[in-house]
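Please keep the viewer open as you read.

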Amino acid sequence: MSSDHYFSPAPGTVLKTRQITVELHGQDRLLTTANSVFSPAHIDTGTEVLLKYAPEPPLSGHFLDLGCGWGPIALHLALASPEATIWAVDVNERALDLVRTNAASLGLTNVKAVLAADVPTDISFRTIWSNPPIRVGKDVLHGLMQTWLPRLEPEADAWLVIQRNLGADSLQRWLAAELPTDFETTREAISKGFRVLAVHRG
């Protein structure tokens, strides 16, 4: 039995790719996924909820997809905002390769699939979208939030989707307590057992 998880940096399993058809930005798209990445057979329910309830992204700027997996959020953002630069960040090198493959297949040149350390430190984000990897544990999750959410530009928003029974409400309370005073966290939607949270920087 493999001990690989979708948050393993370099999955040790033999690569087995598959093609799936998913709807992104209003059209069916043929994309590539693989084993040892998150939700390889389809767009997972949480991401579907986020894509449904988050607003249209800004027209331009630097965007962040934190915990990008094989890329549905990053690809949606790139299709919706072709003038923006989308930073797709994950620890899983296989997932990042799939994002690059899928962006190329869609003719997208505005997606940068990278490890966190490869995002320039002087970049601020016009928006952050994330279906965060809850199963990494609270300490790691909180570290991710403390690292990336303060990099929002002023008057910008982050959109997060979290399963209710995996701690959405406690994360909302934690964000409200721990983020700087110019941040406000609100619950914007509830669907299929998930919460969509908006984090606004004033």
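## Record and model

UniProt positions are given in the numbering used here, feature names are shortened, and annotations may be inferred rather than shown by experiment. With that in mind, the UniProt record, an unreviewed entry, lists residues 31-197 for "domain: Methyltransferase small". Over residues 31-197 the chain is 32% helix and 32% strand, with the end C-alpha atoms 28 Å apart. Helices (H or I, at least four residues) and strands (E, at least two) are DSSP runs, numbered from the N terminus.

This is a predicted model, in which local features need pLDDT of at least 70 and side-chain atom pairs count only at pLDDT 80 or more, while totals for chains, interfaces and linings use all residues. Residues are numbered from 1 along each chain as its sequence is written, and side-chain values use heavy atoms, with hydrogens and water left out. The pLDDT is the predictor's confidence in each residue, from 0 to 100. Its mean over the protein chain is 93, and 94% of the residues reach 70 or more. Over residues 1-6 the pLDDT is below 50, and this stretch has 15 contacts in the model beyond near neighbours in sequence. Contact means heavy atoms within 4.5 Å.

## The sheet

An open sheet of 7 strands runs in the order β5-β4-β3-β6-β7-β9-β8, with mixed pairing. Two strands pair if DSSP finds at least two bridges between them. At the edges stand β5 (111-114) and β8 (183-191), each with a single partner strand, so one side of each is left without a neighbour in the sheet. Neighbouring strands are turned by 15° against each other on average, direction ignored; axes are lines fitted to C-alpha atoms, for helices over the stretch in contact, and angles run from 0 to 180 degrees between N-to-C directions.

Let's follow some of the pairings. Strand β6 (residues 125-130) and strand β7 (residues 152-163) pair in the parallel sense over 5 bridges, and Phe125 stands opposite Leu152 in β7. β7 also pairs with β9, in the antiparallel sense over 7 bridges, and here Val161 stands opposite Val196. Then 8 bridges join β8 to β9, which run antiparallel, with Ser191 opposite Phe194 in β9.

How much of strand β9 is buried? Of its 8 residues (194-201), 6 are buried, so the strand is largely enclosed by the rest of the structure. Buried means under 20% relative accessible area, exposed over 50%, partly exposed in between (1.4 Å probe, protein chains only). On the neighbouring strand β8, Ala189 is buried too, with a relative accessible area of 9%. Leaving aside neighbours within four places in sequence, Ala189 is in contact with Tyr53, Phe194, Arg195 and Val196. Ala189 and Lys52 are 137 residues apart in sequence and 9.8 Å apart in space, C-alpha to C-alpha.

The hairpin of β8 and β9 has 2 residues between the strands, and Lys192 there takes a positive phi near 55°. At 63% relative accessibility, Lys192 counts as exposed. Glu155, in strand β7, also has a positive phi, of about 65°, although it is not a glycine; at 48% relative accessibility, Glu155 counts as partly exposed. For background, most residues other than glycine have a negative phi.

## Two nonpolar cores

A nonpolar core is a set of buried Ala, Val, Leu, Ile, Met, Phe, Trp, Tyr and Cys residues joined through side-chain atoms within 4.5 Å. The largest has 38 residues, and those with the most contacts inside it are Leu24, Leu50, Trp70 and Trp129. Helix α2 (residues 72-80) gives the largest share of this core, 6 residues. Apart from it lies another core, of 27 residues, among them Leu64, Leu66, Met145 and Ile162.

Beyond its neighbours within four places in sequence, Leu24 is in contact with Arg29, Leu31, Ile43, Leu51, Pro72, Leu75, His76 and Leu79.

## Thr17 in strand β1

Thr17 is in strand β1 (residues 17-24). It is exposed, with a relative accessible area of 51%. Not counting residues up to four places away in sequence, Thr17 touches Thr32, Thr33 and Ala34. Thr17 and Thr33 are 16 residues apart in sequence and 5.6 Å apart in space, C-alpha to C-alpha.
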